[in-house]
Amino acid sequence: MAISGDNSTVPSVDAASSFMLQYGQFEAAHRQQLESLGLPKPLWQVLFKKLSADVFDIGSYVVFGSNSDDSSLVSQSLTEHTLCLSQDKLDALSNVFLIDHAWTTTIDRAAGELDSSPGLLERMETLTGIFEPHEKMPIMPNTESLDAANEINVPVVVSQTGVSEERARELLNKNGGNIIEAIIEANAEPDENTSKQQSIQDQIMKQLGGGDGDDGSASKPTEWRTRKYDCTQYALDSGSDKLDGIDIRIPVGYGVSSNDIKCSFSRRHIEVAVKGTVVLEGDLHADIDANEATWTLENGTVVVSLVKKVAEYWPNALVGESHINQLVHNKHILRVLGDLWRYFQGYDYLAQNADQSFVKHTNWYIQDEVGLSISHSDDPNVRCLPFLYLDPHGQMAPFSIMWPIKTIAKGDVLTRDFCPLWLKDADQRKGYLQSIFPGPTQFALDAFEAMRDSWVQTAKNAVRANLTSLAVPKHQIQRVFLQGISPDAAKAVRDAGLELADSSDTADVVFDDVPHSGDKQSNQHPLNSIFFSTENTVMAFQGVVGAQEWLRPGYHLKTQINEFIGA
């Protein structure tokens, strides 16, 4: 019940109680994360309110500027823009803002998502400035290289024509990997049975081309891709070889329902809209039977099925479309992905398995255009860090949260520190920033030369140690505690005649990663970590033996960033 007076409405006690209950649940779920980020506690409720209502109000406080207006920021900005405060003042620790992520991915999914997620590649191309040629290209096999594709097709040419493997390889290379042209040319060579040649040729053409050859369609591709959709034309009757049907597959992403989709067809025109936004629209290559046109939604893809008025080969589905060469397209995706690493930021999180165990995952993300426009500074006025929000339905949503750590005046550029909080060394910070804002690398070359000289000198002085056998004191060991012991290790301990202790308190010897006081025997050792960390092991060897042919150089990327860059 609301209490009102003076024409104003005061939230009811029930509403306030509900809010505090929901906030309490939010705080309990996110306390450790918020404390590790360093967000001041007075801003926790502000953040909760904005997350609950999807409030992205940073646009009310800033405007885009140009980094060319401030030459000191040109090399310290990811984009051509900066963010400038548009209000009179923004006090330190006075507010917190949500910044969306344009893309969140993992190493193994990134290339596939660039290829299949609607609009993602175009957005990343705009960000990197790397664009793919749009001229129409012949369809190539979906293999790593033309040579690899030819090797796959050599046995087919041999079996269908009787030529040698060497000759089949020559014909495939000569015809740019086109298996039909290679078979035709092989069958046209002298000393072959003409009728047998024609029979084989017709059979292969029907299998790969789909037509009877009257219009040459049998030697033309019946499947192709464009940047927005895939196409397949086929015979509606499985017993026919007339190409009277064509499917257009349009990726729209998961989370889209059939109620979000609207398709309209006319004799020679098609339009597909998702949630009110047109994703495909244009004139068709030829007439269709609009009454027979259908569409379905399959795993995030709209499949439009059309029936041609005349059964004939279509070189295009829509007038003016450009086909993509899959090989060239894949290489383009890798080029874009390679350039995107300077924009990526990452975070780790733990996920619980069905057996209650935990596994660490790493996500990489790129902020939206607002987040990317925050410039770098060694003396920043805002802090911007990733935050994983667990909503009331148990769904996890990644954002970045930004808050002012200094008072910002109107017109001031918003700046953050792109280096992680743990990186304090000035020289190593310079190397870290080199990966984000490329510049002269002489400093890194000098650092590597100094390290290499040190390795060489250490190698000259390294000698094999003469170890004297030392008497091993006798201990009465009965009970052993091993943290996280495996079944095999437990069996080995019991086979040795020892008992497994339930806790370190009751054990004679303890194997764990916690220091113990008193006379408790423990496996703790100053170099204990080298047995569990590959980079520390390499560092330990290099510190003792220096540069050796049998030891591959290693670099600790928390302390030797410059040396790694200069290598």
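Predicted model: local features only at pLDDT ≥ 70, side-chain atom pairs only at ≥ 80, totals over all residues.
Local features need pLDDT of at least 70 and side-chain atom pairs count only at pLDDT 80 or more, while totals for chains, interfaces and linings use all residues. Residues are numbered from 1 along each chain as its sequence is written, and side-chain values use heavy atoms, with hydrogens and water left out.

In total, the structure holds 23 salt bridges, each being a side-chain nitrogen of Lys or Arg within 4 Å of a carboxyl oxygen of Asp or Glu. One of them pairs Glu298 with Arg249 at 3.9 Å, N to O. This pair links distant parts of the chain, with Glu298 in strand E14 (residues 294–298) and Arg249 in strand E10 (residues 245–251), 49 residues apart. Strands (E) are DSSP runs of at least two residues, numbered from the N terminus. Glu298 has a relative accessible area of 37% and Arg249 one of 32%, so both count as partly exposed, that is, between buried (under 20%) and exposed (over 50%), using a 1.4 Å probe and protein chains only.

Asp287 lies in the loop between strands E13 (277–283) and E14, and Arg268 in the loop between strands E11 (261–266) and E12 (269–274), 19 residues apart. Asp287 is partly exposed at 23%, as is Arg268 at 38%.

Then there is Lys360, whose closest N lies 3.9 Å from an O of Asp348. Lys360 is in strand E17 (residues 358–367) and Asp348 in strand E16 (residues 345–352), so the pair ties together parts 12 residues apart in sequence. Lys360 is exposed at 57%, whereas Asp348 is partly exposed at 46%. Elsewhere, shared partners join Glu27, Arg31, Glu35 and Lys41 into one salt-bridge network.

Notes. Helix = DSSP H or I, 4+ residues; strand = E, 2+ residues; numbered from the N terminus.
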